[in-house]
Amino acid sequence: MSAFTIPRSDFCVPTSIVVGGTIAIDHVKTPDAEATDLLGGSAAYAALAASFSGVLVHLVGIVGKDFPKAHLDMLESRGICLEGVERSDSDSFTWSGEYMPNMNERVTHRVGINVLENWRVKVPAAAAAAPIVVLANMSPDNQLEMLEQCGITNAERGMRNAEDSDNSELRVPGSAFVVADTMDLWIEIANERLHEVLRRIDLFVINEGEAREFAGTSNLVQAGRILLEKGPRHVVIKLGEFGAMLFSGGEAADSSNPQFFRSSAFPLERLADPTGAGDTFLGAIAGHLAANGGDFGFEEIRRAVIHGTILASFTCEAFSTRRLETLQPGELEQRLETFRRMTAW
């Protein structure tokens, strides 16, 4: 299969993933426009992005009594299983923010924690058995709850390391591949718990500012190596409009001499709303890996990074998930091919 075609799940396994995180109501203002009552939240974007790979996506999160039914209907129409989405009598998690003219800086005007204040993750049995687990941005405590319910412990991770072949990164049957994201808030207030999460995961995705803060260095190449030393086998540092960097220590987690890949971003003439682009990137990576037979080696993750990069570029073309909702497979394939021609030499 070409590295630049949309993966199909009808000929390979694993065929399902579970995505946990926030599901929100967003209010976004940009220099050109403003929109309210938008679908937001890390898990919502990631689950929708993963669905483009044709795999079964289980969504785990919580919404309040005020959450628009249309958003849930849209997710369900994309084949996303909502059994793990808890409904609460409280108000939904909300975020209101404004982007500055350069669209790289934003100001948060209001955050309504609401249903997240005392939320405890509840993963349905069918979702807990998924071969790929995605910990979208949420508190490290919630991420650890999800890992426990999916049967992923430090002891189980150690067993996988011992059983994995030196020459292959195909997973051990019965184990799960774990992808996780985070944010600066958790680095600041829950650093110890976040380190515990990193010891249990396979692929860590983080933006450049957070990578510098978490690793304690301004040099991103050094940051990638330092983050590998914290436990994950692979690290992706998001660079926004400048692309992404992949560091891989492989199954042996050789952080002293990692494999490296750098991807540029797809150039956009007009940026409508970058909200959720990073979460789209995360979910698209997981979806691509799920649709490609459980191969989690460096080359496949590199292709997944490209897939995530391109899908995230579509997210930026309209408010919220609106562009993803209208995106056709042919458009994605065409942009992947255009990107290949742009970056090949």
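Trainee: Is R335 buried or exposed?

Mentor: This is a predicted model, in which local features need pLDDT of at least 70 and side-chain atom pairs count only at pLDDT 80 or more, while totals for chains, interfaces and linings use all residues. Residues are numbered from 1 along each chain as its sequence is written, and side-chain values use heavy atoms, without hydrogens and water. Buried means under 20% relative accessible area, exposed over 50% and partly exposed in between (1.4 Å probe, protein chains only). Because its relative accessible area is 14%, R335 is buried.

Trainee: Which side chain forms a polar contact with that of R335?

Mentor: A polar contact is a pair of N or O atoms within 3.5 Å; within protein, one must be able to donate a hydrogen and the other to accept it, and residues adjacent in sequence count only if both atoms are side-chain atoms. At 2.8 Å, the partner of the R335 side chain is that of E317.

Trainee: Which helix holds V305, and why does V305 count as buried?

Mentor: V305 counts as buried because its relative accessibility is 1%. Contact means heavy atoms within 4.5 Å, and beyond four places in sequence V305 touches V236, A244, F261, S263, F281 and I285. Helices are DSSP runs (H or I, at least four residues), numbered from the N terminus. The one that holds V305 is helix α11.

Trainee: How far apart in space are V305 and A284, C-alpha to C-alpha?

Mentor: In sequence, V305 and A284 are 21 residues apart. Their C-alpha to C-alpha distance in space is 8.2 Å.

Key
Helices (H or I, at least four residues) and strands (E, at least two) are DSSP runs, numbered from the N terminus.
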